[in-house]
Amino acid sequence: MNFLGDLLSGFGTVLSPQYLLYAAIGVTLGTFVGVLPGIGPALTIALLLPVTFTLDDPIGTFIMFAGIYYGAMYGGSTTSILLNTPGESASVATSIEGYQMARRGRAKAALATAAIGSFVAGTISTLLLSLFAQPVAKLATTFRAADYFALALLAMVAVTALVGRSLVRGLMSLVFGLFLGVVGIDGLTGQARFTFGTTVLLEGIDIVVVIVGLFAIGETLYVASRLRSLPEHVHPIEPTGSGFGWLSRDDWRRSWKPWLRGTAIGFPFGALPAGGADVPTFLSYTYEKQRAKSDEFGKGAIEGVAGPEAANNAAFSGVLVPLLTLGIPTSATAAVMLAAFQIFNLQPGPQLFDNSPELVWALIASLYVGNVLLLALNLPLIRIWVKVLQIPRPVLYAGILVFATLGVYAATGSVNQVFIAYVIGVIGFGMRHFDFPIAPVILGLILGPMMELQFRRALLVSNGDLTAFVTRPLTAILLALAVVAILVPYLPRIIARLRGRTAEEDEPKKLVFAEDD
C-alpha cells in the first residue's frame, strides 16, 4: 500500500495553483491543436516540444504534456465525429460510427460518449498504472544488459510489424531511424559515423529536429497536399441535448459496458512492448460490432464510439508503464515524451522511481487531474472548438510550418538544423505519400543508440561470447517473441494454407496488420 502515500504526495504537488495552471494549459493547448484537421497527439506534442527549452521545471513540463496528450486525443475525436478526418490511426474506429451519428443529428451524443468514455477509461487505467508501475520498476532492476537489448529489439520489431499495412515498408522505416540514430561521434570509440565529411553532423541529428521534421513539417505537408480531397463540411452541433450529459437514458445504458470493455482491452495492449492504441481500438470496435443486437453498426451505433474511445485513452496509461519503468517507448507519442525526458537529462527506467519520485508521482497524479479538467472544460466549450475547425486551411497549415520553423531554431540556435528539419520533413512527406509508417523511424532513432550500448555492454561482460544472448532464459524469451512478432502479420496466410484454403477465401475472417510486398 506504499503507492497510496506516494500518490497522495503526487496530488499534493499537482493540486498547487502553479501545477494546476500547467495542467489547464496543457489540456487547453492539446484540445486546440488536436481539434485541427489531420493533427493527432504525436504531432501536437512534437509541435509544442521546443517550448520545453524555455522551461526550467520538469514537473510542470510533464504535467503540461500529459494534459496536451489527453486534450489532443479528445480533439482528435471531435474532428473524427464532425469532419470524418481522424488525426491518427487510433481515431479511425471512432470516425466510422461517430461521423454517421453526426449525419443523423446526434453529434452531441457522439461527442459526449467519447468524452465521458475517455474520462472513465482514463481514470480506471491511471489507477492500474498507479498499482503496477512501481512493482514493474522493481522487477526491471533485475534486468541485465542482454535483457535490455532483447527488450528494445522486441519493442522496435513488434511496433514495426503491427502499426503499418506493410511489414517490409515498416522495416525500411525502422532501418532509416536506426541510421539517423548512429549519425555523429561514436561515444565509445570517438569515431565519426555517417557525417559525410561535414562538421554539421558531428554532434549527430537532434531528436527534436527529427521529431518536428517528421511530424510537424512532414505531416503538415502531407495533409496540406490532400486539402482538396479532405471534407470541409463540419456537421453542426444540434442546439439542444437530451438527457444528462447530452446522453439519453438509453445512450447511458448502451455506453457504460463498452466503456469498461474498451478499458479492459486498451490498458493491457498499451502496456505490452508492442503497445499503442491502434490495435486495441479496432479490437474494441470489432468486439462491439459482433455483440450488437441491432443493425445500427455502419449507420451510427453509439457502442462503436464508446468502446474505441475508451480503449484509446486506456492504452495511453498502459503505454506509460514500459515508458516509465523500462525506458521503452511503444508508440510514437511515447517516443516524443521520451525525447522530452532526455531534454531534462532524465532517463526513464527502474531508477527513475528512486531518483525522481516526486516527478513520477506528480505525473501520475496529473493524469487524474487532467481527466477531470478535460471533462469540465471541453463539453461546455464544444462550440468554441468547432469554431477552430472553420479556420481557413491554407492559413492554418502555413501557420503550423512557421511555428515549427521557429521552434527548431529556438531549440537549436542553428539555421543548419532548420534545413535538416526540412530535409527530414520532405522525406517524411514522401514516406506518408507512399504509405511508410512514421512511428518505427522515431523508435529506431531513440531506441537504436540504447540498444547498441546494451549490446556492447553484454559482449563486454561475456568477453565477446554471443551465446550470452540465448543462455539467459529471459533474454532468449524476449528474442523469441521478437521473431514471433515478425510472423504475426502473416499468420492469416499461414493459417489459411494449413486449412487448405487461399488467403483470399479467409479474408473476411482474418485480422490483418500488414500486407505482403
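**Figure 1. Arg-253 and Asp-250 are 3 residues apart in helix α10, and therefore about one helical turn separates them.** In this predicted model, the side chains of the two residues meet in a salt bridge, with an N to O distance of 2.4 Å. An α-helix has 3.6 residues a turn, so residues three or four places apart point the same way. Arg-253 counts as exposed because its relative accessibility is 53%. Asp-250, with a relative accessible area of 35%, is partly exposed. The pair belongs to one network, in which salt bridges that share partners join Asp-250, Arg-253, Arg-254 and Glu-303.

**Figure 2. A salt bridge is formed between Asp-251 and Arg-106.** The closest N and O atoms of this pair are 2.4 Å apart. Asp-251 is buried, having a relative accessible area of 3%. Arg-106, at 23% relative accessibility, counts as partly exposed. Side chains of opposite charge can pair when their charged atoms come close. The structure as a whole holds 9 salt bridges.

**Figure 3. Arg-432 and Glu-219 are joined through their side chains by a salt bridge.** The N to O distance is 2.9 Å. Distant parts of the chain are linked by this pair: Arg-432 belongs to helix α18 (residues 415-433) and Glu-219 to helix α9, the two being 213 residues apart. Arg-432 is partly exposed, with a relative accessible area of 27%. For Glu-219 the relative accessible area is 11%, and this residue is therefore buried.

**Figure 4. Helix α9 is bent at Gly-213.** This helix comprises 19 residues (207-225). From its first C-alpha to its last, α9 reaches 26 Å, close to the 27 Å expected at 1.5 Å a residue. The bend at Gly-213 is about 30 degrees. Of the 19 residues of α9, 15 are buried, so the helix is largely enclosed by the rest of the structure.

**Figure 5. Phe-194 has a positive phi although it is not a glycine.** The angle is about 55 degrees. Most residues other than glycine have a negative phi, and most peptide bonds are trans. Phe-194 is found in the loop that runs between β2 (192-193) and α9. With a relative accessible area of 43%, Phe-194 is partly exposed.

**Figure 6. Asn-345, a residue other than glycine, also has a positive phi.** Its phi is near 55 degrees. The loop that contains Asn-345 lies between α13 (332-343) and α14 (352-355). Asn-345 is exposed, since its relative accessible area is 73%.

**Figure 7. Tyr-148 is a buried residue of helix α7.** The helix covers residues 145-163. Tyr-148 counts as buried because its relative accessibility is 13%, below the 20% cut-off. Leaving aside neighbours within four places in sequence, Tyr-148 is in contact with Ala-140, Phe-143, Leu-326, Pro-350 and Gln-454. A separation of 7.2 Å is found between the C-alpha atoms of Tyr-148 and Met-451, residues that are 303 positions apart along the chain. In the protein chain, residues 24 or more positions apart account for 80% of the contacts with a separation of 6 or more.

**Figure 8. Leu-491, Ile-494, Ile-495 and Leu-498 make a nonpolar surface patch.** The area of the patch is about 380 Å². Ile-495 is located in helix α22, which covers residues 491-498. At 39% relative accessibility, Ile-495 counts as partly exposed. The protein chain exposes about 21500 Å², of which carbon and sulfur atoms supply 65%.

**Figure 9. The protein chain contains 22 helices and 2 strands.** It has 517 residues, and buried residues make up 56% of them. Among the helices are α9, with its bend at Gly-213, and α10, in which Arg-253 and Asp-250 are placed.

Definitions and conventions
Residues numbered from 1 in each chain as written. Predicted model: local features only at pLDDT ≥ 70, side-chain atom pairs only at ≥ 80, totals over all residues. Heavy atoms only, no water. Helix = DSSP H or I, 4+ residues; strand = E, 2+ residues; numbered from the N terminus. Buried < 20%, exposed > 50% of the residue type's maximum accessible area, 1.4 Å probe, protein only. Contact = heavy atoms within 4.5 Å. Areas by Shrake-Rupley, 256 points an atom, 1.4 Å probe, with all protein chains shown as cover. Patch = residues over 30% accessible without salt bridge, like charges linked within 9 Å, V, L, I, M, F, W, Y side chains within 5 Å. Salt bridge = Lys/Arg side-chain N within 4 Å of Asp/Glu carboxyl O. Expected span 1.5 Å × (residues − 1). Bend = angle between axes of the 7 residues up to and from the residue.
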